[in-house]
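Hi everyone, thanks for coming.

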Amino acid sequence: MGAPAAMNFQTIFFDVLGSTNTEALEQARRGADEGLIIVAREQTAGRGRLGRKWASPRDAGLYFSIVLRPSLEPRFLPLITLAAGVAVHETLTSLGLSPDIKWVNDVLVHGRKISGILAETAETNRGTAVVVGIGINITSENFPEEIAKIATSIEGETGRRVSVEDLAKTLAGNIETYYEILLGAGGPQCVVKEWSCRSTYVSGKHVRVTAGNEMTEGITEGLEPNGALRIRTNDVNALAIIQTGDVQALRDR
Ligand code: BT5
């Protein structure tokens, strides 16, 4: 097998959108090629997981969605989110930040959220498309009150204001790198490794995971081959495999 061809990026910049993910999913359903990137200066209905909101004030962040058409075993699809997390981590590191990744999709700096990732799929005539939506805060200036305490931004951390265009370009390059690693030989294992060395949450962390009405507490013990989180539970000393949920770090007594 030869090296995979470079991704063909095409970026469309919008002034305002409800959600760049909605636009990218729509374009994917209409047959858009892999590598189509949608960016907006502002989102009026930016979303996170489970119907949560992503605050997207005008010119305050990168609101970015990319269409992928991965030839990947379905069980490894969750690794696309992890590969995107690594790409965001690399992007922020290149700007002088020291980020951490909280399983599964939060990128934090000094314990505050600077980026979130939302992967969604669409069934299209050309097969399953995956849209990876990424929000990265550029400035903290217009944070709504409810996130001001839990969020941070590139400017807030470094004092420098980056341009949306430059940030989008660096991010796209890093996505290409880790997506190609994922699709290559031994890709899933490599992505798990790349993710693990960038996250303090991967092992030895006392956490609580909430998924719907279920709550699991214990110490993290690495990832499964598909990116699921292993937790050694406190009560019965069993190994819980977390496929989805919200992770919260607990203070050790
Ligand atoms: C996420 O969800 O973190 C995924 C966010 C993905 C946003 C991008 S922007 C481009 C693309 N288009 C979209 O419509 N979405 C994607 P989740 O793990 O559910 O976290 C959501 C939570 O993060 C909220 O409930 C808030 O607590 C917090 N939050 C909201 N806006 C934030 C912001 N700008 N910065 C930091 N935290 C925020």
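**The cavity and the ligand pocket**

Let's start inside: helix 2 gives the most to the lining of the largest cavity, with three residues. Helices here are DSSP runs of H or I with at least four residues, strands are E runs of at least two, and both are numbered from the N terminus.

Before I go on, this is a predicted model, where local features need pLDDT of at least 70 and side-chain atom pairs pLDDT 80 or more, while totals for chains, interfaces and linings use all residues. Residues are numbered from 1 along each chain as its sequence is written, and side-chain values use heavy atoms, with hydrogens and water left out.

Back to that cavity. On a 1 Å grid over the protein atoms alone, a cavity is a set of points where a 1.4 Å probe fits but cannot get out, and lining residues have an atom within 4 Å of a point. Its space is about 60 Å³, where a volume is what probe spheres set on the points fill, with points joined across faces, edges and corners. The lining is Leu68, Ile80, Ala83, Ala84, Val132, Ile175 and Tyr179. Helix 2 (79–93) and helix 5 (164–183) are the elements giving two or more of these. By class, that's seven nonpolar, no polar and no charged residues; nonpolar means Ala, Val, Leu, Ile, Met, Phe, Trp, Tyr, Cys and Pro, charged means Asp, Glu, Lys and Arg, and the others, Gly among them, are polar.

Now, where is the ligand? The space it takes is the largest pocket. A pocket is an open set with protein on both sides within 12 Å along at least five of seven lines, and a molecule sits in one if more than half of its atoms lie within 2 Å of its grid points. This pocket holds about 860 Å³ of space. Its lining has 39 residues, with Lys53, Trp54, Asp106, Lys113 and Gly116 nearest the centre. By class, the pocket lining has 14 nonpolar, 15 polar and ten charged residues.

Around the ligand itself there are 27 residues, the closest being Ser19, Arg47, Arg52, Lys113 and Asn137; to count, a heavy atom must lie within 4 Å.

Finally, polar contacts, meaning N or O pairs within 3.5 Å. Arg52 has a side-chain N or O atom 2.8 Å from a ligand oxygen.

Methods. Polar contact = N/O pair within 3.5 Å; in protein donor to acceptor, adjacent residues only side chain to side chain.
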